Amino acid sequence: MHFLFLSTHAFLPTTRKASVHFVVEALAARGNAVDTVSVGFSLLTALTKPRLFGELAVRQRNRFVQTGPRRRSACYLPPLHPFSSRCGPLNRANALFFPLFGNRPPRFMTEAIERADVVVIESGTAIAFFDAVRRINPRARTLYFKRDRLDTVGASAWLQAHERRIAPQFDRVVVPSPRMAEHLPAGCRMVYVPQGIDKAGFDACVTSPYPDGSRNAVSVGDMLFDAEAVAAMARSSPDVRFHLFGAGIQGAYPPNVHLYGERAYGDIVPYIKFADFGIAPYRLGERELYLAESSLKLQQYSYCRLPILAPDLLAGGRANLVGYDQHDERDWAGKVRRAATIAREPGWRDGILSWDEVAARIEAEAVSS
């Protein structure tokens, strides 16, 4: 099959990997041709993320390049792009811009849509192109690769309303947590496919990056990141080193906190595998409870048999979670000590899929009636 993914993630060797990157690689490894187009970037990106913009502009600007066997990647880089904002006037302006942007894809993108047997659209800005995909290639199967709730990630009101309109029109809506079905309209052809793990990458990693005898915690990603909770953990336990990976993590931290910014996936693997425990410092409400089932880092931590220090709202979801009160935790030192010392159970990794298994399920949904 020929797959086309429309995603708000960049497909570069230097950027961190989300689930869509692993799925693309696994589908290609299974013999499919896979194209990816990154959207939601423009000259505005040069102001907010100059390094990322520079890499995209040099390598993939409005053209496909070969990124692996049977894999090509491109980035749509117009002068401007619509975006979600907390500013009311900007959101109203973008509500007019989103449909104009999505209904007029560039030629290189149109040609890729025409060739595709299956078009996979990831949640976020990419859904603005759904109507254009259906118009350009009505024979293609369409999958909605829904990774997060749009209200959780701060998507604009237009995108949220657009999602409610188009979600029932997809051939399949692929979700990593059954809880994601709760806010979508009736009639969606929902299928639950759990997140996977790069098992081979973790299994092959044999060298720890940590000094002998040290005690280390790791945090990956910055979604709903609770910086105050991490700072409190670190202040309570000066003998533990806290290693934070993720773009946008800012602020003053105690000296036992180490900030790495955004790193390539391969650089992060040993920090996860050889940590004493993982951190999932989400700032949570009830609507974000789907993260207990869909969070990629929770899968990665669990595969490595790490205890996970996380808000107690998530604590019932996995046996290896050590819950803390995100509003009024009184014993940070005790919670850190428990996460660092509890016995690791082999069963914590039970049921975790490989990305090849995830890709096989997506292939099956792409052809099922």
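Is Asp-35 buried or exposed? Select Asp-35: at 3% relative accessibility it counts as buried. Buried means under 20% relative accessible area, exposed means over 50%, and partly exposed lies in between (1.4 Å probe, protein chains only).

Before moving on, note the ground rules. This is a predicted model, in which local features need pLDDT of at least 70 and side-chain atom pairs count only at pLDDT 80 or more, while totals for chains, interfaces and linings use all residues. Residues are numbered from 1 along each chain as its sequence is written, and side-chain values use heavy atoms, with hydrogens and water left out.

**Stop 1: the partner of Asp-35**

Arg-72 and Asp-35 form a salt bridge, with the closest N and O atoms 3.0 Å apart. A salt bridge here is a side-chain nitrogen of Lys or Arg within 4 Å of a carboxyl oxygen of Asp or Glu. This pair links distant parts of the chain: Arg-72 sits in strand E4 (residues 71–75) and Asp-35 in strand E2 (residues 33–38), 37 residues apart. Helices (H or I, at least four residues) and strands (E, at least two) are DSSP runs, numbered from the N terminus. Arg-72 is partly exposed, at 24% relative accessibility.

**Stop 2: two further salt bridges**

By this rule the count comes to 20 salt bridges. Select Asp-117 and Arg-139, whose closest N and O atoms are 3.5 Å apart. Asp-117 lies in the loop between helix H5 (107–115) and strand E5 (118–122), and Arg-139 in the loop between helix H6 (130–136) and strand E6 (141–145). Asp-117 is partly exposed at 30%, whereas Arg-139 is exposed at 52%.

Next, pick Lys-17 and Glu-25. Their side chains meet in a salt bridge (2.8 Å, N to O). Lys-17 is partly exposed, with a relative accessible area of 28%. Glu-25 is partly exposed too, at 27%.

**Stop 3: the nonpolar cores**

Now show the nonpolar side chains. A nonpolar core is a set of buried Ala, Val, Leu, Ile, Met, Phe, Trp, Tyr and Cys residues joined through side-chain atoms within 4.5 Å. The largest such core has 91 residues, and those with the most contacts inside it are Phe-3, Phe-5, Leu-6, Val-37, Ile-121, Val-218 and Ile-272. Helix H1 (residues 19–29) gives the most to this core, with seven residues.

Zoom in on Ile-121. Leaving aside neighbours within four places in sequence, its contacts (heavy atoms within 4.5 Å) include Leu-6, Phe-130, Leu-143 and Phe-170. A second, separate core of 23 residues includes Ala-217, Ala-229, Ala-234 and Trp-332.

**Stop 4: helix H9**

Select helix H9 (residues 227–236). Which of its residues are buried? They are Ala-229, Val-230, Ala-231, Ala-232, Met-233 and Ala-234. What covers them includes strand E11 (240–245), strand E12 (257–261) and helix H13 (332–341). At the start of H9, a side-chain oxygen of Asp-226 reaches to within 3.3 Å of the backbone nitrogen of Glu-228.

**Stop 5: where the domains meet**

Color by domain. Domain 1 is 2–194 + 355–367 and domain 2 is 199–340; such bounds come from an automatic or database domain assignment. Their C-alpha centres lie 28 Å apart. The contact takes 21 residues from domain 1 and 18 residues from domain 2.

How much area is buried between domain 1 and domain 2? About 1,600 Å², of which carbon and sulfur atoms give 57%. Buried area is the accessible area (1.4 Å probe) that two parts lose on being put together, summed over both. On the domain 1 side, select Arg-16, Thr-152 and Arg-179: they lose the most area to domain 2, together 37% of what that side buries.

Across this interface the rule finds two salt bridges. H1 and helix H14 (355–367) each supply at least two residues of the side of domain 1 that touches domain 2.

**Last stop: Ser-19**

Ser-19 is found in helix H1. Ser-19 counts as buried, at 5% relative accessibility. Leaving aside neighbours within four places in sequence, Ser-19 is in contact with Phe-145, Arg-147, Gln-195, Leu-296 and Trp-355.

Methods. Polar contact = N/O pair within 3.5 Å; in protein donor to acceptor, adjacent residues only side chain to side chain.
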